[in-house]
Amino acid sequence: MEQSFAVKASNWKNLLKPVHFENIFGNEEIIYISRFDIQETNCTELFILKTILWGYPKGMRGNNFENIYIHINTLVEILNVPKGVFLKIDDLYILQKKFKQINGIGLSTYSKLLYFRDFKFDGLPALILDERLIRIFKNGIFQEFKIFSEISQYNSKKMYKNYLQIMFKLSEQLNVSGEQIEQFLFIFGNHLKPPKLL
């Protein structure tokens, strides 16, 4: 929960409304946003913005942020699901359709929002699945994720459910949380070289 990223105010000053900029940066030139900071944010608008800044500290590609920002009220409505409500996998598909209607928001971003908002689908905790993890899975180093060797930006949304199922199963086998596995993969997944079998 202490994993944090440095975010420069100069990267976001011209993109955020003054009230949001002030609430997030104050007078600081650089802030550090941790997973804990995001989960402790009660205001849904600020929660969304902190999630984006944590995930994309140097900024998003093209006009993605601007497109998301103008629909922030829609995102607030999507994410304001009462805690403790039992959601099914079908609810995940409904949410994915709603996210798809907002230009600029893809799986990398909405999986972060679902994760930090503690969504669960049929008891499966939402986890982050971003481009970095997708690249790791395509390398085929981890047998547990062999099913994702053909994953791409085009089919990753359909495979998100499978990702949650496998991560949940692994977390139970290893007696760790899914987010610990996700973080391990994020940090070490591209820096491993399996030994050659004799």
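## A guided tour of the predicted model

**Stop 1: Phe25.** Which residues does Phe25 contact, leaving aside its neighbours within four places in sequence? They are Val7, Lys8, Ala9, Trp12, Leu16, Ile31 and Leu53.

**Stop 2: the start of the chain.** Select Met1, in the segment before β1, which covers 4-8. Met1 is partly exposed, with a relative accessibility of 37%. Show its surroundings and leave out residues up to four places away in sequence: Met1 touches Ser34, Arg35, Phe36, Gln39, Tyr115 and Glu179. Then pick the C-alpha atoms of Met1 and Gln173, which are 172 residues apart along the chain; the separation between these atoms is 22 Å.

**Stop 3: Thr41.** Move to the loop between α2 (35-39) and α3 (44-55), where Thr41 lies. Is Thr41 buried or exposed? Thr41 is buried, because its relative accessible area is 9% and the cut-off for buried is under 20%. Show its side chain and look for two polar partners. A polar atom of the Thr41 side chain is 2.8 Å from the backbone oxygen of Asp37. The side chain of Thr41 also makes a polar contact of 3.2 Å with the side chain of Lys50. Not counting residues up to four places away in sequence, Thr41 touches Lys50 along with Leu46 and Phe47.

**Stop 4: helices α5 and α6.** Select residues 72-79 for α5 and residues 89-100 for α6. Two packed helices are described by the angle between their axes and the distance between the axes. Here the axes come within 11 Å and cross at roughly 175°, which makes α5 roughly antiparallel to α6. To see where they meet, show Leu75, Ile78 and Leu79 in α5 together with Leu95, Lys98 and Phe99 in α6. By class, the residues of this contact of α5 with α6 are five nonpolar, no polar and one charged.

**Stop 5: helix α7.** Select residues 107-116, which form helix α7. How many of the 10 residues of α7 are buried? The count is 10 of 10, and the helix is mostly covered. Just after α7, select Asp118, where phi is positive at about 60°.

**Stop 6: Asp122.** Go on to the loop between β3 (120-121) and β4 (124-125), where Asp122 is found. Phi of Asp122 is near 50°, a positive value in a residue other than glycine. Asp122 is partly exposed, and its relative accessible area is 39%.

**Stop 7: helices α8 and α10.** Select residues 131-138 for α8 and residues 178-188 for α10. What is the angle at which α8 and α10 pack? The angle is about 75°, with the axes 9 Å apart, and α8 and α10 are therefore roughly perpendicular to each other. On the α8 side, the contact is made by Arg132, Leu133, Ile136 and Phe137; on the α10 side, by Glu182, Leu185, Phe186 and Ile187. This contact of α8 with α10 has six nonpolar, no polar and two charged residues.

**Stop 8: helices α9 and α10.** From α9, the contact involves Tyr163, Met167, Leu170, Ser171 and Leu174; from α10, Gly178, Ile181, Glu182 and Leu185. By class, the contact of α9 with α10 has six nonpolar, two polar and one charged residues.

**Stop 9: Asn175.** End in the loop between α9 and α10, the place of Asn175. Asn175 has a positive phi of about 60° although it is not a glycine. Is Asn175 buried or exposed? Asn175 is exposed, with a relative accessible area of 71%.

Methods
Residues numbered from 1 in each chain as written. Predicted model: local features only at pLDDT ≥ 70, side-chain atom pairs only at ≥ 80, totals over all residues. Heavy atoms only, no water. Contact = heavy atoms within 4.5 Å. Axes fitted to C-alpha atoms, helices over the stretch in contact; angles between N-to-C directions. Helix = DSSP H or I, 4+ residues; strand = E, 2+ residues; numbered from the N terminus. Nonpolar A, V, L, I, M, F, W, Y, C, P; charged D, E, K, R; others polar. Buried < 20%, exposed > 50% of the residue type's maximum accessible area, 1.4 Å probe, protein only. Polar contact = N/O pair within 3.5 Å; in protein donor to acceptor, adjacent residues only side chain to side chain. Parallel < 35°, antiparallel > 145°, perpendicular 65-115°, else oblique.
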